[in-house]
Amino acid sequence: MDNVLTTEAAALILGVSQARIRKLIKDGRLPAKKRGRDLLLQESDVQLFADYGRKNVGRPVENDCVNATIMEDGAMYHTSYESTILIGNGEIRSDDALNVLPTLPANRYQMIIADPPYFQVLLEEQWDNAWQSSDDYLNWTLEWVRQCKRVLKQDGLLYIFGQLGKREHVWLHSCSILAKEMQFHDMIIWDRAVGYNERYDSFTPQYEMVLVLRHAANTKPYFDKDAVRLPYDEEKIQSYLRDKRYKDKEIREKHLRKGKYATNILRVPSLKGSSKEKIGHPSQKPIALISQLISVSTRKGDYVLDPFLGSGTTAASAQALGRNWLGIESNAEYVKIAQKRIAEIISVPEFSLD
Ligand SMILES: C[S@@+](CC[C@H](N)C(=O)[O-])C[C@H]1O[C@@H](n2cnc3c(N)ncnc32)[C@H](O)[C@@H]1O
């Protein structure tokens, strides 16, 4: 296995400063790959350099450093080429979320979008039925949420998708437990615009939920309400402009044309089988939905994390919006789908989110 090293890890291995590593890269003595503002090196290259090319480069290599594990904010940071795909502004880790999350630096991500297995909702999917009981599932949920809390910035938000099942309604218990673990911030309704015809003993279900959590009661999360506004239709604008109470029509019209704030019921049609966006994942979320969440919760350049990347909707939206991102997905087939999807976005310079 050949690890990927940050300049910080390479500096530790060679016993020199990070500035020295950057200079060696600049001089062409160490090969590296640029990823955003970071430079990444391959462990074997650093090792070769240590063995043969390191005259005057510092103290001898310490064996226990060569696995490229470094401490950052008390956390381990370790990547390997085998499980990491660097692409665009981000990276996909093809691994179990619980293997990767503990290795991420604390306090890094402005926003986390988690669309986890729901437990016995998608009865045909192995990944949605991997727990013996709802208690096992809830314990697992607590484990990854605690890790998410650790890596979430103090003014960040954690969005968790949830659905009620046909037999198990574990989502209700998750919400209650998680609201004790972190601070409840909001419950967003994703209105799928059409019902999915699964119930005959009640109204037809049409929505899914997104629980939003922040660190604590006294933390104030970043949230740009202006980033998502809904346009008024022309008829409404004209009728509002006839309102005599507003003297300055120009200012009034400018204000109306900005549109109104979105509510916490986000109406975005779910993806139909025939949709061009649909890419072969049973619970793929629409880009139009995820990109609204990212737009209000992050600025350009912020880091977005998705521990259950699936077909890569979060990565695709973050990439198109100029955010940095990290996605974790345990199913190698979905990783390939996500990778292809992001590559396509990168190849279209003016990718539209509509
Ligand atoms: C609900 S889907 C996410 C769908 C995604 N939001 C999209 O738009 O495509 C959940 C995903 O989590 C993945 N998964 C399940 N258990 C996992 C684990 N322990 N670590 C990482 N990924 C996991 C599944 O393979 C599945 O693709």
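Which residues in α1 meet Q18, I21 and R22 in α2? They are T7, E8, A10 and A11, where contact requires C-beta atoms, placed from the backbone, to lie within 7 Å. This is a predicted model, in which local features need pLDDT of at least 70, side-chain atom pairs count only at pLDDT 80 or more, and totals for chains, interfaces and linings use all residues. Residues are numbered from 1 along each chain as its sequence is written. Helices (H or I, at least four residues) and strands (E, at least two) are DSSP runs, numbered from the N terminus.

**Helices α1 and α2**

- Helix α1 spans residues 7-14 and helix α2 residues 18-26; they pack at an angle of about 100°, with axes 8 Å apart. Axes are lines fitted to C-alpha atoms, for helices over the stretch in contact, and angles run from 0 to 180 degrees between N-to-C directions.
- The two helices, α1 and α2, are therefore roughly perpendicular; angles under 35 degrees count as roughly parallel, over 145 as roughly antiparallel, 65 to 115 as roughly perpendicular and the rest as oblique.
- The contact of α1 with α2 comprises three nonpolar, two polar and two charged residues. Here Ala, Val, Leu, Ile, Met, Phe, Trp, Tyr, Cys and Pro count as nonpolar, Asp, Glu, Lys and Arg as charged, and the others, Gly among them, as polar.

**The nine-stranded sheet**

- An open sheet of nine strands, mixed in its pairing, runs in the order β7-β8-β17-β16-β9-β10-β12-β11-β15; strands pair if DSSP finds at least two bridges between them.
- At the edges are β7 (84-87) and β15 (265-267), each of which pairs on one side only.
- On average, neighbouring strands of this sheet are turned by 20° against each other, direction ignored.
- Strand β8 (residues 90-94) pairs with β7 in the antiparallel sense over four bridges, and I85 has I92 in β8 as its bridge partner.
- The hairpin formed by β7 and β8 has two residues between the strands, and G88 in the turn has a positive phi of about 55°.

**Helices on the sheet**

- Helix α9 (residues 287-297) lies across β9 (109-114), β10 (152-162), β11 (183-191), β15 and β16 (303-306), and runs at about 160° to β9.
- Helix α11 also packs on the sheet, where it touches β7, β8 and β17 (324-329); the direction of α11 makes about 165° with that of β8.

- The axes of α9 and α10 are 9 Å apart, at an angle of about 60°, which makes α9 oblique to α10.
- In this pair, I287, I290, S291 and I294 of α9 meet T313, T314, A316, S317 and A318 of α10; five residues of the contact are nonpolar, four are polar and none is charged.
- Helix α10 (residues 313-320) packs against helix α11 (residues 332-347) at about 15°, with the axes 9 Å apart, so α10 is roughly parallel to α11.
- The α10 side of that contact consists of A315, A316, Q319 and A320, and the α11 side of A338, R341, I342, I345 and I346. By class, the contact of α10 with α11 holds seven nonpolar residues, one polar and one charged.

**Ligand surroundings**

- Around the ligand are 19 residues, of which D115, F308, G310, S311 and T313 come nearest; a residue is near if its C-beta atom, placed from the backbone, lies within 6 Å of the molecule.
- The shell around the ligand includes seven nonpolar, eight polar and four charged residues.

Conventions. Two residues are in contact if their C-beta atoms, placed from the backbone, lie within 7 Å.
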